[in-house]
Amino acid sequence: LELALEKSSNKAGGYELVRLNMRINQSRVVDLVKENKLLSVVWTMANTEREEMLRPIRIPLIKGLGGCRIGLIKSGQQRVFNNIANTKELKSLTIGQGQDWPDISILRSNGFEVVIGSEYDGLFEMLAHNRFDWFLRSIFEAFHEVELRKGIDVESRYLFYYDAPIYFFVSKENSELAQRIKDGLKIAKDDGSLARYFENSDFIKQAKLELGKNKRELIMLDNPNISQKTKEIMADEDYQLCKQFTKA
């Protein structure tokens with residue numbers, strides 16, 4: 001966001017970024033942005049509801065890796081996943097997700113059983129107490145989260161993918177800010193600074209390093225909850241990086 005605002009400063013002028021330090025769930029964040037109160041902008045996973053409620057800046061921020069998902073499991077449980085023989089057995093396992101995450105409907109529409117937790121931190125407790133079998137996270141989240149918690153490993157066999165771009169969103173009223181962010185991102189994309197920012201991200205570096213250690217089996221899922229415009233954007237090869245980590 002700072003990069004986009006800086007790149008657009010010649011045309012749009014100065015800016016000030018103020019972070020809202022509150023622990024609030026995704027639904028409430030979306031409401032605050034919609035109302036243009038307390039929050040002016042949020043970056044979050046796109047779906048049709050959010051694209052209708054808010055004004056999306058349709059430039060995927062992490063090249064589609066938001067939909068590149070791997071599992072967090074209890075330590076010592078990798079053998080369960082190694083012994084899975086077919087898709088039916090894979091779908092018999094339960095997947096944990098947060099109560100207002102768009103991933104829930106995606107997973108369920110593809111035939112997976114989802115167990116919902118009300119709090120982010122509580123999901124790790126639920127995994128530890130066998131409330132579900134695994135907990136799908138994006139590749140730039142999973143390795144970092146494992147470092148912070150004991151008794152949890154990254155599952156090493158499977159890689160899920162579904163189109164799940166992360167956009168900046170602002171209020172529908174805030175067309176001037178939306179245009180500024182869009183202009184800044186386009187300038188950064190054209191001059192290469194957006195690509196450099198992506199490649200220099202510690203989270204992305206760590207995820208690519210870990211995933212590069214062994215090729216995974218790709219589980220492709222359909223996402224019925226994104227707009228036609230977003231589907232067309234995600235068809236670009238630049239947003240299909242997930243496939244480089246899978247078996248031929």
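The side chains of Glu145 and Tyr120 are joined by a polar contact of 2.6 Å (a pair of N or O atoms within 3.5 Å; within protein, one must be able to donate a hydrogen and the other to accept it, and residues adjacent in sequence count only if both atoms are side-chain atoms). Keep in mind that this is a predicted model, where local features need pLDDT of at least 70 and side-chain atom pairs count only at pLDDT 80 or more, while totals for chains, interfaces and linings use all residues. Residues are numbered from 1 along each chain as its sequence is written, and side-chain values use heavy atoms, with hydrogens and water left out.

**Glu145**
- You'll find Glu145 in helix H9, residues 139-148 (helices are DSSP runs, H or I, of at least four residues, numbered from the N terminus).
- Glu145 counts as buried because its relative accessible area is 4% (buried means under 20%, exposed over 50%, partly exposed in between, with a 1.4 Å probe and protein chains only).

**The positive patch**
- Lys182, Lys186, Lys189 and Lys229 make up a positive surface patch (residues with over 30% relative accessible area and no salt bridge, like charges being joined within 9 Å; a salt bridge is a side-chain nitrogen of Lys or Arg within 4 Å of a carboxyl oxygen of Asp or Glu).
- Helix H10, residues 175-191, gives the most to this patch, with 3 residues.
- Lys189 sits in helix H10, and at 46% relative accessible area Lys189 is partly exposed.

**Arg19**
- Look for Arg19 in the loop between helix H2 (9-12) and helix H3 (26-35).
- With a relative accessible area of 72%, Arg19 is exposed.
- Arg19 and Asn82 are 63 residues apart in sequence, and 43 Å apart in space, C-alpha to C-alpha.

Note on methods. Patch = residues over 30% accessible without salt bridge, like charges linked within 9 Å, V, L, I, M, F, W, Y side chains within 5 Å. Areas by Shrake-Rupley, 256 points an atom, 1.4 Å probe, with all protein chains shown as cover. Lys, Arg positive; Asp, Glu negative; His and termini not counted. Charge placed at Lys NZ, Arg CZ, Asp CG, Glu CD. Helix = DSSP H or I, 4+ residues; strand = E, 2+ residues; numbered from the N terminus.
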